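Have it open while you read, and go through the points in order.

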Amino acid sequence: MAELTYRDAVARGIAQEMERDPDVVCIGEDIAKAGGVFKATWGLFDKFGAKRVCDTPIAEQAILGAAMGAAMTGLKPVAEIMFADFAAVCWDFFANEFPKTRYMTNGQVGVPLVVRLGNGGAARFGAQHSQSVENWCMMIPGLKVVAPSSPVDVVGLMAAAIRDPDPVIFLEHKSLYATKGPVPDGEIVDTLGTAKILRTGRDATILALALMVPRALAAAEELKSKHGIDCEVIDLRSLVPLDTRTILASLGRTHRLFTVEENPRLCGWGAEIVSIVADEAFFDLDGPPVRITTPHIPLPAADNLEDVVLPSVSRIVETVRRSLAS
Amino acid sequence: MKSAAPPADIPADTRLHLYHLQVLIREAEQRAYDLFLENLVKGTSHLSLGQEAIAAGFAAAMQPGDLSFCTYRGHAHTLARGVSVEKVLGELMYRDNGLMRGKGGSMHLTSVEHGVMGSYAIIGAHLCIANGAAWRAQYRGEKDVSTCFFGDGTTNIGAFHEALNFAAIWKLPVVFVCENNLYMEYTLNADVTAVEHPAADRAAAYGLERIVIDGNDADAVYNAAKAAYARARAGEGPSMIECLTYRHSGHSRADPAKYRPAGELEKWKKRDPLKIYRARLESLGVAAAKLTEIEQRAKAEVNAATEACRAAPPPPVDIAFTDVYANGGAAWRN
């Protein structure tokens, strides 16, 4: 058992798969010799060489196209698009090329690749290097969307994503890269589409993703210790596939639902889950489902402004407390 | 413009094959147009009438295992790789016998078993994707070459330039083929492009040779293709070939092409690739009866395919929900 950072876990997960399978290759801007702008691919170039860990020009369409063509013909590419905001300059691949190819070709061609993106805010980078794009990705049929919150999940879900036969959007949270957690030795392979109950509770279910997970856990501790409210916290880990069973089963026990979403409010992932709950678990609810989200605004750069708009521990605590009191 | 190599360079049976492919494409495309008028081909369609020599020349120069990437104007390239007319027309007619059983349509023809790795309807991306297939070949030491076909309109989109730079720096075994038919969609490419030859004049920016050929002469196309494939297989990197041609029909079925100046179509029809090639074969001593037989064989294949497609059922509705994901289904949740 080692204590690893989330950042090191990315490289550990990729390295595990590269050792196992010579078809796994990495491609992206600054990922090789520089080890990545987030240092998440540190060491891969030294270990596997320039043939398998490839620096590219600043050309996102060229990167994703190369990954796709290679994936269609037998390789298992892991492409990095650095800041998740940059997905917008190669959105054709996310929206049209990766997800529709299997369908349009009547199953002839698959696109088994992983696109890694540094997602999310709280790093004071301003509106074009901070946004959470999980909801952009979630709405496209044919993609899978993963967003781990802990180092051990990064390793296991990375392995699962690389082994998956479908295109997987792997959202690494920039503000989690420096966080640490225990990671067992040896091979770790997780399962896509499985949520994790990180804390059990009787009074309310709180769903969270990525950076919002530690905030939801901290809020749950405070709600228990200061207000006697016992919350169950679920880390969704994967938006597609979505583990609705775990969500609905939890709701059957707690009867109250809160989502903590970093994405801007409109069409955030919580809206879909609340819709599912309304359809399938309405009579389990003892009160309205409540979404705690970033408002529908571009992210401000200044630290005090960003702190106000991203869901915080105190906002989660207050929202849950007031909702349960009313 | 580079002229064709001396006629004797190309074997007689290859020439007959080139003629057959051109005639077959012409017949199939004309039939697709006629079926539109019967409302049996729905949606849209982009024909290669007048551009047959390019598809034929490249396909004839390819080896088995080589990969083709096309745009929405991809019927010709799909047929040229040996996909049956019935499969292509069936897809255009949204019948269950179609190449993708109606799930892709005219703009997305794909047949992996023939090396046709897809037709891409949003221009630009597929140059980058062809690079990826070439990267795999280079990585694994495999000898196949990827060919990416696109129109003159593609040369002004960013992905074109990203792809060329990328292919050049990695010396990928990929051949980029610009079918310059003068018009993007409804607008003359020359009216909106900074250089005379939209593909070839940009080649130097990526360290590539400037190659412009007569795209209506299948021999010229075939020879240029052979040279490019030899380079690619020798590890000498990508090529870009600009083929000058003209589409006899509009951009798509909605386009009567009224923007063309009077006489332009007629001028180009005098340089119809099929006419050029038939005359070439006759001058080389091929009997007229042999050429007529090739033409009749193509007509018969297209007629039989048409009848099979007319008789074929539409796809069963359950396939609307298959093959979104690799497990065969569409489930995004448990």
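1. The lining of the largest pocket splits into twelve nonpolar, two polar and one charged residue. My classes: Ala, Val, Leu, Ile, Met, Phe, Trp, Tyr, Cys and Pro are nonpolar, Asp, Glu, Lys and Arg are charged, and the others, Gly among them, are polar. Of the 15 lining residues, Met138(A), Met139(A), Ile140(A), Glu272(A) and Trp332(B) lie nearest the centre. Helix H6 (134-138) and helix H10 (269-280) of chain A are the elements giving two or more residues to this lining. Helices here are DSSP runs of H or I with at least four residues, strands are E runs of at least two, and both are numbered from the N terminus.

2. The space in that pocket comes to about 300 Å³. A pocket is an open set of points on a 1 Å grid over the protein atoms alone, where a 1.4 Å probe fits, with protein on both sides within 12 Å along at least five of seven lines; lining residues have an atom within 4 Å of a point. The volume is the space filled by probe spheres set on the points, which are joined across faces, edges and corners.

3. Before going further: this is a predicted model, with local features needing pLDDT of at least 70 and side-chain atom pairs counted only at pLDDT 80 or more, while totals for chains, interfaces and linings use all residues. Residues are numbered from 1 along each chain as written, chains are lettered from A in the order written, and side-chain values use heavy atoms, without hydrogens or water.

4. On to the interface: 40 residues of chain B are in contact (heavy atoms within 4.5 Å) with 53 residues of chain A. About 3900 Å² is buried between the two chains, 62% of it from carbon and sulfur atoms; that is accessible area (1.4 Å probe) lost on putting the parts together, summed over both.

5. How many salt bridges are there between chain B and chain A? The count is two, taking a side-chain nitrogen of Lys or Arg within 4 Å of a carboxyl oxygen of Asp or Glu. One of them pairs Asp23(A) with Arg140(B), the closest N and O atoms being 3.1 Å apart. On the chain B side, H5 (125-140) is among the elements giving two or more residues, and H5(B) gives the most, with nine.

6. Two backbone spots to check. The peptide bond from Val240(A) to Pro241(A) is cis, with omega near -5 degrees, and Arg101(B) has a positive phi, near 55 degrees.
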